[in-house]
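Trainee: I have a structure on my screen and I would like to learn how to read it. Can we go through some features one by one?

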Amino acid sequence: MGILDHPMLEYVHKDTLMHRMNPISKTIFLVSLTLLAQFYFDPRYILPILVFLIILAKPISKIPNSWLLPMYIIGTMSVLERGYNAAFIYAPQYYRIYDPQWMTKTLLYIIKLPVIGEAKITIGGLIWLLAMGMRYFTALFAVSVFLYTTRPSDIIQFLARKKVPKTLLYIVFAGFNFFPILLRYARTIMNAQHLRGIEFSNNPAKLIRTLVRLFHPLIIRLTSLADTLTLSASIRGFGSGEFSYYREIRLSTVDWVLIIGSLVFFGIMFAFLVLFNWGTL
Amino acid sequence: MAEILSVDIEKISYLTRQGEITAVKEAKFKVNRGEYLLIMGEVGSGKTSLLYSLNGVIPELIPNSRLTGDIKYMGKSIRGREVADISKDIGLVLEDPDTQITQLTVEDDLAFGPANMGLPPEEVRERVEFIVNRIRLSGLKERNPRSLSGGQKQCVAIGGVLTFLPNIVILDEPISMLDPIGKDQVLSLLKELNKKYGITIILSESGMEIESFAGYVDKILIMKDGELVKMGPPHEILTDSEMMRKCGLRMPQVTELAVRLGGKGLDLPITLEEAEKYFNQKLKRESIRPVQRKVVQIIQKEKKPIIKVKNLYYTYPGLEKGIEALRGVSFNIYEGEIAALIGQNGSGKSTLALLLVGILKPTNKDAEIIVDGIDLQKKYQFKELIKHINYVYQNPDDQIFCEKVKEELAYGLLEQGLTPKEIDERVEEGLKIFNLKEMEDMYISHLDRGRRTHVAISSIMIIDPKILIIDEPTTGLDERDSLAVMEKVKELKERGKTIIFITHNMNLVAKYADHVIALHEGKVLLDGTCKEVFSQSEILKQSYIAPPQITQLAQKLIHFNIPPDITTVDEMYHFLIQHEV
């Protein structure tokens, strides 16, 4: 079975703690943790949040690696892209907690560029890059837990009840549908091409040619996707007025405790960040 | 009955690169509240365009579509109303369920419509439960609809509109992908909603499934080339053999038999029940003597099997334990035969096909799949395998990658290391299979579904596989195109090819298949000749399969010594003539 035959980046019904959790308290809980990690630059502060989210994703929500594959790819690509910036992080004034002299120690001198300046690998630059990578993966794991365990219909109907404008609702609706549809198209096209003798090769030149062949029919299909989604939503009465719930989303005492706990924790940690430089380098 | 819908269309057209194409020339008719109306016509007769216009999808949501005229719902024009708003009154089920399904679980998809209407949650739940139980979706509530079989998806799409309970339900070819008993269940549910709640039902059909509809609808409207030909009660329409023939449609099998035996007028039977009464009156008990019939067709066991499958299991990922599609399937397919793979929706037919062509791998290690000498459980070259066995998808658009017909046929050959001259020669041969030469430079997107199916089959045939699997070759086609496809299949058999076709159309099975394998819940239920399989109606019911209408009639008339394994109208006619009935 090919990797594309597995569900990816979409809700999968399971009976886990995270699946059972109220989507509103879950959203606030995950957003608080993710947002907090985005304010930190010190890997020691981000690491516990990242580990906690990995535990939420893997043993608790039971997300298989095949589902997470696109997230791993996006995370790795983002870290690689940030590697470029890391080569320019060496000014001593960046550092408030760590010894600036130690942090700016050059490990490898790369090049001096006009206007942009010197590019070099420093200890501080590597720590910054590590922190950025951990931030990305924190966000990606949080998004994964959310997408894997939350029914899109609950979110859309919750937003609709909060009188979110129809255009925005359409965007959310299309967003939830886009990846599964894209994946289905790609899977069908690849299988059908395979049956016509087209194989994915390890040779980069051949691989590019094969990918171009995949993208052409894929793009043709995706161009009509917006029309298709509008049609399918409209004939089901989407956006025509009042919405109701299939599953009523009520907040229990536990949910309120989780929401208040998440907000208080975020508030305290943010205050310590501002007042005592917690989480800065 | 009060009028609920008034249609006054002068023209429906589309603007294309080749100019304006008219789909409906003139359509003026009225529909009364509580009517059950069938719109019937060949592919390209304008049915879908007409249906789409009834709830505003044309011209509002179909790009480059134009409508001249007006549609009035309860005396008021629907112009100016948004489709989402009209859909609360006039629900539409699209032909392609993938376009209609929007949610990630079956339950959510069924609830989507009523929730969008702002109904109280208890009522939304009640409606979902009612529909789930009525259209065999109860075990699938938490499944992702996209992981279901084509027929199951069609049920979800239909259910998703029925939970709306709009005043009018419009369904575009709603049962084309359903198993025979599933077709009956959906149509009887529609009838129940129609009678109990006065819901007006309007559906379309290209003529392939006429036996299923005949007993349910109140009125039939016939279309040809974008124009209305005739509208009236089913008996008036379906017994008008001349008009039906002119419009490229056929009568129900029992009607055809009665007409061929000299019957005339509105008393002709159009349903199985009517036919039972009719022939009980017409046939003389003493005229047919019991006949000792030998089994006419026997699978040629002396021929060597070209496909051997033993103990095959397949489980899809998803949910907690995965979804078991196949559970220990074993069978043989013999060289040069046409084999039909039948079974209820979700019984594992398409999964089995994808395993045979190597796209999927068995999930048990001790499975055995040998295709034309290639052991698929051992290492093999996929490029080599596709020359032995290949697969045509149910939806031709799933395997069309190029803009023009000729390019599409050449597409698979480019990777085969052939010289340009060899490619040209093969393409020329491929164009001949379905007489596509005249349209070799045409844009495929401008061809109708029948022609696109021809392109899809040709593009695989050009690879020249010894075994060809065709998944639902006639879905979305009318009688004429379906028979054209199946006649080509027969020709391929005569050229020594082995064909496996997956279908829910038992008339085609009866007419073309040498060998039938019926699947039920991932296991082989029956494996034999058409006659062997269709004569076991009770066992077939387990897999929601019903034999062709004519076989059912023969089984109901068994007290006249009519053999219960008659499978075609021709056979029944000749049998009765032979016995001077």
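Trainee: At what angle do helix α2 and helix α3 of chain A pack, and how far apart are their axes?

Mentor: Keep in mind that this is a predicted model. Now the general idea. Two packed helices are described by the angle between their axes and the distance between the axes. Here, α2(A) covers residues 23-39 and α3(A) covers residues 43-60. They pack at an angle of about 145 degrees. Their axes lie 9 Å apart. The crossing is left-handed.

Trainee: Which residues make the contact between α2(A) and α3(A)?

Mentor: From α2(A), look for Phe29(A), Leu30(A), Leu33(A), Leu36(A) and Ala37(A). From α3(A), look for Ile46(A), Ile49(A), Phe52(A), Leu53(A) and Leu56(A). Sort them by type and you get 10 nonpolar residues, no polar ones and no charged ones.

Trainee: How many helices and strands does chain A have?

Mentor: Chain A has 11 helices and two strands. Follow the sequence and the pattern reads α-α-α-α-α-β-β-α-α-α-α-α-α. The C-alpha trace of chain A spans about 65 × 60 × 35 Å along its principal axes.

Trainee: What share of the residues in chain A is buried?

Mentor: Of the 281 residues in chain A, 48% are buried. Contacts tell you something too. Take those in chain A between residues at least 6 apart in sequence: 77% of them join residues at least 24 apart.

Trainee: Which residues of helix α10 of chain A are buried?

Mentor: Helix α10(A) spans residues 225-234. Its buried residues are Leu225(A), Leu229(A), Leu231(A), Ser232(A), Ala233(A) and Ser234(A).

Trainee: On to chain B. What is the order of the strands in its six-stranded open sheet?

Mentor: General idea: strands of a sheet pair through backbone hydrogen bonds, either parallel or antiparallel. In this sheet the order is β7-β8-β9-β4-β10-β11, and the pairing is mixed. Neighbouring strands are turned by 15 degrees against each other on average, direction ignored.

Trainee: In which sense do β4 and β10 of chain B pair?

Mentor: They pair in the parallel sense, over four bridges. β4(B) runs over residues 36-40 and β10(B) over residues 219-224. For one bridge, find Ile39(B): its partner in β10(B) is Leu221(B).

Trainee: Which strands does helix α7 of chain B touch?

Mentor: Helix α7(B), residues 150-162, packs on the sheet and touches β7 and β8 (168-171) of chain B. Its direction makes about 175 degrees with that of β7(B). Helix α8(B), residues 180-197, also packs on the sheet. It touches β4, β8 and β9 (200-205) of chain B, and its direction makes about 155 degrees with that of β9(B).

Trainee: Are helices α12 and α13 of chain B roughly parallel or antiparallel?

Mentor: Start with the angle. α12(B), residues 253-260, packs with α13(B), residues 272-282, at about 25 degrees, with the axes 9 Å apart. Angles under 35 degrees count as roughly parallel. α12(B) and α13(B) are therefore roughly parallel to each other. The contact uses Val254(B), Leu257(B) and Ala258(B) of α12(B), and Ala275(B), Tyr278(B) and Phe279(B) of α13(B). By type, that gives six nonpolar residues, no polar and no charged.

Key:
Residues numbered from 1 in each chain as written. Chains lettered and ligands numbered in written order. Predicted model: local features only at pLDDT ≥ 70, side-chain atom pairs only at ≥ 80, totals over all residues. Heavy atoms only, no water. Pairing = 2+ DSSP bridges. Axes fitted to C-alpha atoms, helices over the stretch in contact; angles between N-to-C directions. Contact = heavy atoms within 4.5 Å. Parallel < 35°, antiparallel > 145°, perpendicular 65-115°, else oblique. Nonpolar A, V, L, I, M, F, W, Y, C, P; charged D, E, K, R; others polar. Buried < 20%, exposed > 50% of the residue type's maximum accessible area, 1.4 Å probe, protein only. Left-handed = near helix turned anticlockwise from the far one by under 90°.
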